[in-house]
Amino acid sequence: MIRMRLGTAIGVGLVVALAAAGRVEAQPRPRAPSVTGIWQWRMRDNRAFGRMFLIQEGAVVRGAFLESSGNALSGDVEGMVEGRRLMLRRRGPGRDPEFTFMVDPSGTRMWGELTAQRLFPVAAPGGEWEVEAPPPPPPPPPVIRPIDEGSFNQLLAAITRESFAESRMSVVTQAAGYHYFIVDQVARILPLFVFEESRIKALETLRPRILDPQNGFKLSEQFSYASSRQRVQQIMAPRP
């Protein structure tokens, strides 16, 4: 490491001197692939192997040894990446050795004191990373509400304008295709039909759109005959 730092210092001084003389132009430093991911590592002498997880934020790298054979390496790691060179050391008390890697241009392999192969994410043949995005969350279920009071009053008026039971039933059928109802609203629709048979038919039409069928017992008072009230109970009974 001392030899490397001395060489770096000499190189920096030489570049500064040449730049001042106007004889060199700054060249962009080649950008290395990110080392973020899960890596399978192995010591040179094959006496230990395992996995490690790395996260890179700019030049700073942090991570941890996930597992190793014989617990040869464990704990958190931190370090720096410079170009294609990655320097890692274990965090914690003591003077742990520093591991130096060279990162392959494809970003799939590293070598040095340890050799490592990226397990995730996987690189495409062209060198671009392909990380499968998680599926989008399902849309929230629609909020179902009963028809608002203003629209409901307009519906009552539209039913009343019709003179015949068949025409009034057509209005109810059309409204049931777009709106939901509560039992108290249904109780205001049924009296608009004179005959109980027509009221039963209207209730059957509205039943799939009633949000509170547990209150269906309130509708029995809309019918005079016991057979009609029994039919109301059957219509409003819980459905499998």
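Visitor: In which hand does α2 pass α3, right-handed or left-handed?
Guide: This is a predicted model, so the answer describes computed geometry. The axes of α2 (residues 149-161) and α3 (residues 165-176) come within 8 Å and cross at roughly 155°, which makes α2 roughly antiparallel to α3. The crossing in which α2 passes α3 is right-handed.

Visitor: How do the residues of the contact of α2 with α3 divide into nonpolar, polar and charged?
Guide: From α2 come Leu155, Ala158, Ile159 and Thr160, and these meet Arg168, Val171, Val172 and Ala175 in α3. Sorted by class, the residues of the contact of α2 with α3 are six nonpolar, one polar and one charged.

Visitor: Are α3 and α5 roughly parallel or roughly antiparallel to each other?
Guide: The axes of α3 and α5 come within 9 Å, and their crossing angle is roughly 15°. Angles under 35 degrees count as roughly parallel. The two helices α3 and α5 are therefore roughly parallel to each other.

Visitor: Which residues of α5 make the contact with α3?
Guide: α3 passes α5 in a right-handed crossing. On the α3 side, the contact is made by Ala165, Met169, Val172, Thr173 and Ala176, and on the α5 side by Ser198, Lys201, Ala202, Thr205 and Leu206.

Visitor: What covers the buried residues of α5?
Guide: Within α5, the buried residues are Glu196, Ser198, Arg199, Ile200, Ala202, Leu203 and Leu206. The elements that cover these buried residues of α5 include α3, α4 (183-189) and α6.

Visitor: How many charged residues does the contact of α5 with α6 have?
Guide: The axes of α5 and α6 come within 10 Å and cross at roughly 5°, and α5 and α6 are therefore roughly parallel to each other. Their contact is made by Glu196, Ile200, Leu203 and Glu204 of α5 together with Ser228, Arg231, Val232, Ile235 and Met236 of α6. By class, the contact of α5 with α6 has five nonpolar residues, one polar residue and, for the class asked about, three charged residues.

Visitor: Does Asp148 count as buried, partly exposed or exposed?
Guide: Asp148 lies in the loop between β10 (129-130) and α2. Buried would require under 20% relative accessible area and exposed over 50%. Because its relative accessibility is 44%, Asp148 counts as partly exposed.

Visitor: How far apart in space are Asp148 and Phe181, C-alpha to C-alpha?
Guide: In sequence, Asp148 and Phe181 are 33 residues apart. In space, the C-alpha to C-alpha separation of Asp148 and Phe181 is 9.1 Å.

Visitor: What percentage of the residues in the protein is buried?
Guide: The protein as a whole has six helices and ten strands. Of the 240 residues in the protein, the buried ones make up 32%.

Notes:
Residues numbered from 1 in each chain as written. Predicted model: local features only at pLDDT ≥ 70, side-chain atom pairs only at ≥ 80, totals over all residues. Heavy atoms only, no water. Axes fitted to C-alpha atoms, helices over the stretch in contact; angles between N-to-C directions. Helix = DSSP H or I, 4+ residues; strand = E, 2+ residues; numbered from the N terminus. Parallel < 35°, antiparallel > 145°, perpendicular 65-115°, else oblique. Left-handed = near helix turned anticlockwise from the far one by under 90°. Contact = heavy atoms within 4.5 Å. Nonpolar A, V, L, I, M, F, W, Y, C, P; charged D, E, K, R; others polar. Buried < 20%, exposed > 50% of the residue type's maximum accessible area, 1.4 Å probe, protein only.
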